[in-house]
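Subject: Structure handover

Hi,

Here is the structure for your review. My notes follow below it.

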Amino acid sequence: MTVSEQPPTSGAISASALLGGRSGGLGWWWHTTEDTLDKLDPQFLARDARLYAATIYRLCAEAFLPFDYAAAAYELDTQIRHYAELVADRFDLGELQTRSAALCDAAGTLHADLEALRRRSFAGEDAQVDAADLNRALMQLGRTTIPLNYTVAGPFGHDPALALPPLPLLAAAA
């Protein structure tokens, strides 16, 4: 969504930077009355449109959703290990680390199996898998794991529009 972030510039304050993002962000004009067509770079707009079109094509045309939950699981596991080190003398996160490591292993296996299935499907072989059921399971996996890294309030609450630390429910460990 933010592929057109601007390079960092000295002295400029962007909305992204104010919210805890990288400097540069989406430009100082982002979501202001100055956010006008003259800020668009036609080459970047064309690049972004190609990127979005390719993403939408993959989501619509491939039999199996192209999601990599192994990367997401690894990110969670890395942060859990970091928090565990920070609180090791005060709180035991051993069970959480065990479950996180198991999620990493399972997600890695899932990713490898999905890639093999995708290759067979592209080669025209019968996948012998119900794509709709598999995709529903993949979406449920995402809806379960991804919010762990991005919300405190959960699916029905409202988090403030501010930067959150990784695994915000464990952020107090820092």
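Thr145 touches Tyr69, Leu76 and Leu103, leaving out residues up to four places away in sequence. Contact here means heavy atoms within 4.5 Å.

Before the rest, the ground rules. This is a predicted model, in which local features need pLDDT of at least 70, side-chain atom pairs count only at pLDDT 80 or more, and totals for chains, interfaces and linings use all residues. Residues are numbered from 1 along each chain as its sequence is written, and side-chain values use heavy atoms, with hydrogens and water left out.

Overall fold

The protein has five helices and zero strands. From the N terminus on, the order is α-α-α-α-α. Helices (H or I, at least four residues) and strands (E, at least two) are DSSP runs, numbered from the N terminus. Of the 174 residues, 23% count as buried. The cut-offs are these: buried is under 20% relative accessible area, exposed is over 50%, and partly exposed is in between, with a 1.4 Å probe and protein chains only. Take the contacts in the protein with a separation of 6 or more: residues 24 or more positions apart account for 53% of them.

Thr145 counts as buried, at 11% relative accessibility. Its side chain reaches the backbone oxygen of Leu141 at 2.9 Å.

Thr145 also lines the largest cavity, along with Tyr69, Ala72, Ala73, Leu76, Leu103 and Leu141. Helix H3 (69–86) and helix H5 (131–145) are the elements that give two or more residues to this lining. H3 gives the most, with four residues. By class, the lining has six nonpolar, one polar and no charged residues. For the classes, Ala, Val, Leu, Ile, Met, Phe, Trp, Tyr, Cys and Pro count as nonpolar; Asp, Glu, Lys and Arg count as charged; the others, Gly among them, count as polar.

How many cavities of 30 Å³ or more does a search of the whole structure find? One. The largest cavity has a volume of about 30 Å³. The search uses a 1 Å grid over the protein atoms alone; a cavity is a set of points where a 1.4 Å probe fits but cannot get out, and lining residues have an atom within 4 Å of a point. Grid points are joined across faces, edges and corners, and a volume is the space filled by probe spheres set on the points.

After H5

Two residues stand out for a look here. Asn149 lies in the segment after H5. Asn149 is buried, with a relative accessible area of 9%. Its side chain makes a polar contact with the side chain of Glu75 at 2.9 Å. A polar contact is a pair of N or O atoms within 3.5 Å; within protein, one must be able to donate a hydrogen and the other to accept it, and residues adjacent in sequence count only if both atoms are side-chain atoms. Neighbours within four places in sequence aside, Asn149 is in contact with Glu75, Leu76, Pro165, Pro166, Leu167 and Pro168.

Leu167 is also in the segment after H5. Leu167 is buried, at a relative accessible area of 7%. Not counting residues up to four places away in sequence, Leu167 touches Leu76, Gln79, Ile80, Tyr83, Leu148 and Asn149. Leu167 and Tyr83 are 84 residues apart along the chain, with their C-alpha atoms separated by 9.3 Å. Check the backbone of Leu167 too: phi is positive, about 45°, although the residue is not a glycine. Most residues other than glycine have a negative phi.

Asp48

Asp48 is found in helix H2 (residues 42–61). Is Asp48 buried or exposed? Buried, at 7% relative accessibility. Leaving aside neighbours within four places in sequence, Asp48 is in contact with Val3 and Ser4. The C-alpha atoms of Asp48 and Val3, 45 residues apart along the chain, are separated by 6.9 Å.

Cysteines

The structure holds zero disulfides. The cut-off for a disulfide is a pair of cysteine sulfur atoms within 2.5 Å. Cys60 is exposed, with a relative accessible area of 64%. Cys104 counts as buried, at 17% relative accessibility.

Best regards

Methods
1 Å grid on protein atoms, 1.4 Å probe; cavity = no way out; pocket = protein on both sides within 12 Å on 5 of 7 lines; lining within 4 Å.
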